[in-house]
Amino acid sequence: MKIIRIILFPIVPIYFVITWLRNRLFDLGIKSSKSYDFPIICVGNLSTGGTGKTPMIEYLIRLLKDEKSVATLSRGYKRKTEGFILADENANADTIGDEPFQFHRKFQEVTVAVDADRQNGIKALRALKLQPEVILLDDAFQHRKVKAGFNILLTAYNNLYYKDIVLPSGNLREPRSGANRADLIVVTKCHKDISEGEKKKITSKLKIKSNQQLFFSYVDYAVDVLSESDSLELTKLPKFTLVTGIANANPLVDFLVEKGLKFDHLEFSDHYNFRTTDIEDLASKSLIITTEKDYVRLSSHKSLDGKLYYIPIEIKIDNAAQFNAAVKSFIN
């Protein structure tokens with residue numbers, strides 16, 4: 001993979017210019033971007049790969065759902081449907097995608113929808129009889145046809161965007177200057193004990209603007225693993241098989257190793273579509289621990305009943321009161 005990226009390096013300036021020019025045309029109003037008179041919060045990133053968008057959307061749902069009627073709108077990556085789909089009792093990972101289905105399972109009081117055309121999705125949501133007061137756009141930072149009123153940009157601690165370059169040799173979907181559109185920037189997946197000195201260094205490197213706020217967050221893992229009907233204490237687990245189909249499993253693996261747990265790791269690509277042969281192999285295992293995103297796709301297979309569990313996570317934000325206040329100030 002590294003060799004391919006080196007070979008493709010001459011394409012980097014071309015990609016840079018195309019994406020920079022596209023943004024510039026939106027900034028100048030030459031390409032149209034639709035604004036709205038109600039709160040729309042966009043959560044996204046500059047890079048490909050996992051920066052923790054799903055836990056951030058869940059954090060915002062928990063923060064806002066008791067005060068406002070909330071809807072989430074995602075693309076529904078790798079779903080087997082097209083167009084606007086509203087999650088209902090028949091929804092599953094195939095119809096709306098794994099991450100939206102995760103939202104739907106956990107937050108029944110929240111409206112969950114998918115549409116690759118965010119403008120159309122917003123229009124359809126606002127046409128509902130129970131009209132959402134706040135819409136959370138999942139992974140839409142580059143979807144500039146919608147002008148969100150509030151942008152939260154995520155960058156992972158182990159892959160900060162100031163160290164990266166654009167595709168195809170780097171991981172950035174657009175130039176680093178795109179970060180200027182953010183209202184809040186969150187460094188995700190930090191160590192719990194990150195020092196103030198390191199925070200200051202990162203703040204300087206990210207070149208935070210005067211109108212922006214920077215926060216640091218870390219992943220908080222639950223003490224129990226869960227299934228639909230059972231729970232097990234994490235630290236008392238016998239040897240198990242860890243199954244991951246996410247962009248970066250290293251933080252989870254590191255956490256489990258630090259806990260002294262014994263396991264074999266079956267690592268798949270992000271949003272992996274598990275095949276029949278994969279399920280047959282997993283069915284031969286005695287205990288499987290996976291992520292919640294993978295669980296919503298695997299749990300439909302009856303052969304895994306009684307042996308499949310997931311480890312819940314939440315993000316914890318340093319200066320959470322300040323972060324919460326900034327978000328609530330926008331929606332009010």
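Glutamate 58 counts as buried, at 2% relative accessibility (buried means under 20% relative accessible area, exposed over 50%, and partly exposed in between, with a 1.4 Å probe and protein chains only). Its partner in a salt bridge is arginine 62, with N and O 3.9 Å apart; the term stands for a side-chain nitrogen of Lys or Arg within 4 Å of a carboxyl oxygen of Asp or Glu. Arginine 62 is partly exposed, with a relative accessible area of 31%. Both residues belong to helix α3 (residues 53-64), where four residues, about one turn of the helix, separate them. Helices (H or I, at least four residues) and strands (E, at least two) are DSSP runs, numbered from the N terminus.

The structure is a predicted model, in which local features need pLDDT of at least 70 and side-chain atom pairs count only at pLDDT 80 or more, while totals for chains, interfaces and linings use all residues. Residues are numbered from 1 along each chain as its sequence is written, and side-chain values use heavy atoms, with hydrogens and water left out.

Side chains of opposite charge can pair when their charged atoms come close. In the whole structure, a search finds 24 salt bridges. One of them joins glutamate 67 to lysine 328, whose closest N and O atoms are 2.7 Å apart. Because glutamate 67 sits in the loop between α3 and β2 and lysine 328 in helix α11 (residues 320-331), this pair ties together parts that are 261 residues apart in sequence. Glutamate 67 is partly exposed at 41% relative accessibility, and lysine 328 is partly exposed at 24%.

Another salt bridge brings together the side chains of aspartate 98 and arginine 297, at 3.1 Å from N to O. Here, too, distant parts of the chain are linked: aspartate 98 is in helix α5 (residues 98-106) and arginine 297 in helix α10 (residues 292-298), 199 residues apart. Both aspartate 98 and arginine 297 are buried. Elsewhere, salt bridges with shared partners join Glu58, Arg62, Lys106, Glu292, Glu314 and Lys316 into one network.

Turning to the strands, β2 (residues 70-74) is largely enclosed by the rest of the structure, because five of its five residues are buried. Val70, Thr72 and Ser74 point one way from β2, and Ala71 and Leu73 point the other way. Strand β2 runs parallel to β5 (residues 134-138), and four bridges join the two; strands count as paired if DSSP finds at least two bridges between them. Within β5, isoleucine 135 is the bridge partner of alanine 71. Four bridges also join β2 to β4 (residues 111-114), again in parallel, and valine 114 of β4 is the bridge partner of serine 74.

On the surface, Lys163, Arg176, Lys201, Lys205, Lys207 and Lys209 gather in a patch of positive charge. Such patches consist of residues with over 30% relative accessible area and no salt bridge, like charges being joined within 9 Å. Lysine 201 is part of helix α7 (residues 196-206), and at 54% relative accessibility this lysine 201 counts as exposed.

Finally, phenylalanine 255 lies in helix α8 (residues 250-258) and counts as buried at 15% relative accessibility. Phenylalanine 255 and aspartate 220 are 35 residues apart in sequence and 10.0 Å apart in space, C-alpha to C-alpha.

Conventions: Patch = residues over 30% accessible without salt bridge, like charges linked within 9 Å, V, L, I, M, F, W, Y side chains within 5 Å. Areas by Shrake-Rupley, 256 points an atom, 1.4 Å probe, with all protein chains shown as cover. Lys, Arg positive; Asp, Glu negative; His and termini not counted. Charge placed at Lys NZ, Arg CZ, Asp CG, Glu CD.
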